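This report is a first walk through one structure, meant to be read beside the sequence and the 3D view. Please look at both before going on to the sections below.

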Amino acid sequence: MKLKLKIWRQKNANDKGKLVDYDIDGVSGDMSFLEMLDVLNTQLIEKGEEPVAFDHDCREGICGTCSLFINGEAHGPDRLVTTCQLHMRKFNDGDTIYIEPFRAKAFPVVKDLVVDRSAFDRIQHAGGYISVNTSGNTQDANAIPINKEHADKAFDAATCIGCGACVATCKNSSAMLFVSAKVSQFALLPQGKVEAKQRVLNMVEQMDKEGFGNCTNTGACEVECPKGISLENIARMNREYLAASFTSNT
Ligand code: SF4
Ligand code: FES
């Protein structure tokens with residue numbers, strides 16, 4: 001395949017940035033999107049040009065590091081896949097592909113397609129730890145009965161990889177889907193109930209401090225989430241938050 005790429009290039013956080021055109025040839029449908037960018041970068045390096053900076057790590061859809069807004073969609077045109085698992089067979093010979101960073105005030109661009117998503121880390125830090133008795137008399141987790149439905153929903157919430165596609169997709173740059181997944185994965189389990197009230201209050205407070213927007217129930221986040229995190233988690237977080245606000249002394 002021969003493709004025309006329009007890639008966001010930005011030297012650093014203060015640079016204005018712009019879309020730059022690149023032509024690429026010999027792209028196979030079996031390549032992943034990131035492998036296609038690897039080929040482009042090899043060609044740029046051979047020509048003595050600066051390669052395009054983009055985030056990646058596992059390339060297996062589990063670390064949440066890869067991002068990219070591809071033709072106006074977070075993680076591109078496929079559903080339930082990350083950019084690293086998107087394959088070039090989703091595109092046609094002669095296509096023009098726009099490649100931009102995830103955009104949100106709370107995700108400032110560092111360089112080219114790399115954005116700073118440390119706001120997510122700070123929200124998770126604000127959530128803190130769960131209390132686990134490690135005195136030597138620790139109860140076997142298998143001995144704690146957990147309703148199957150709750151276990152399944154907690155597991156589903158825990159599959160959030162913290163990629164930020166929900167924020168990039170939301171017209172308000174809201175982080176509610178991400179935060180609600182992180183709240184839900186603990187709130188549904190007995191081990192997470194001890195600090196549940198403080199956790200939800202602290203995480204929501206940090207989310208607001210980071211400058212994410214409000215949720216207006218549009219649902220675009222759920223559509224573009226590569227892990228299929230359900231809006232149901234946002235409703236649960238709102239209930240948890242309300243209950244904690246009424247009973248908290250802090
Ligand atoms: S909720 Fe989905 S889109 Fe948002 S950070 Fe988690 S995995 Fe990514
Ligand atoms: S590189 Fe890890 S999820 Fe894409």
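## Contacts and overall build

Among contacts in the chain between residues at least 6 apart in sequence, 70% join residues at least 24 apart, where two residues are in contact if their C-beta atoms, placed from the backbone, lie within 7 Å. This is a predicted model, in which local features need pLDDT of at least 70 and side-chain atom pairs count only at pLDDT 80 or more, while totals for chains, interfaces and linings use all residues. Residues are numbered from 1 along each chain as its sequence is written, and chains are lettered from A and ligands numbered from 1 in the order in which they are written.

The C-alpha trace spans about 60 × 35 × 35 Å along its principal axes, and the secondary structure comes to 9 helices and 7 strands (DSSP runs numbered from the N terminus, with helices being H or I of at least four residues and strands E of at least two). Of the 250 residues in the chain, 36% are buried, a residue being buried if 20 or more other C-beta atoms lie within 10 Å of its own, with C-beta atoms placed from the backbone.

## Two domains

The chain is divided into domain 1 (3-111) and domain 2 (117-247), with bounds that come from an automatic or database domain assignment. The contact between them takes 18 residues from domain 1 and 17 residues from domain 2, although the domain centres, taken over C-alpha atoms, are separated by 29 Å.

On the domain 1 side, the touching residues comprise 10 nonpolar, 5 polar and 3 charged (Ala, Val, Leu, Ile, Met, Phe, Trp, Tyr, Cys and Pro count as nonpolar, Asp, Glu, Lys and Arg as charged, and the others, Gly among them, as polar).

## The largest nonpolar core

A nonpolar core is a set of buried Ala, Val, Leu, Ile, Met, Phe, Trp, Tyr and Cys residues joined through C-beta atoms within 7 Å. The largest one has 60 residues, of which Phe 102, Cys 166, Val 167, Leu 177, Phe 178 and Val 179 touch the most other members. α5 gives the most to this core, with 8 residues, and each domain supplies at least three.

## Around ligand 1

Of the 14 residues around ligand 1, Cys 160, Cys 163, Ala 165, Cys 166 and Cys 225 come nearest, a residue being near if its C-beta atom, placed from the backbone, lies within 6 Å of the molecule. The elements giving two or more residues to this shell are α4 (165-169) and α5 (176-187), and α5 gives the most, with 3 residues.

Note on methods:
A residue is buried if 20 or more other C-beta atoms lie within 10 Å of its own, exposed if 12 or fewer, and partly exposed in between; C-beta atoms are placed from the backbone.
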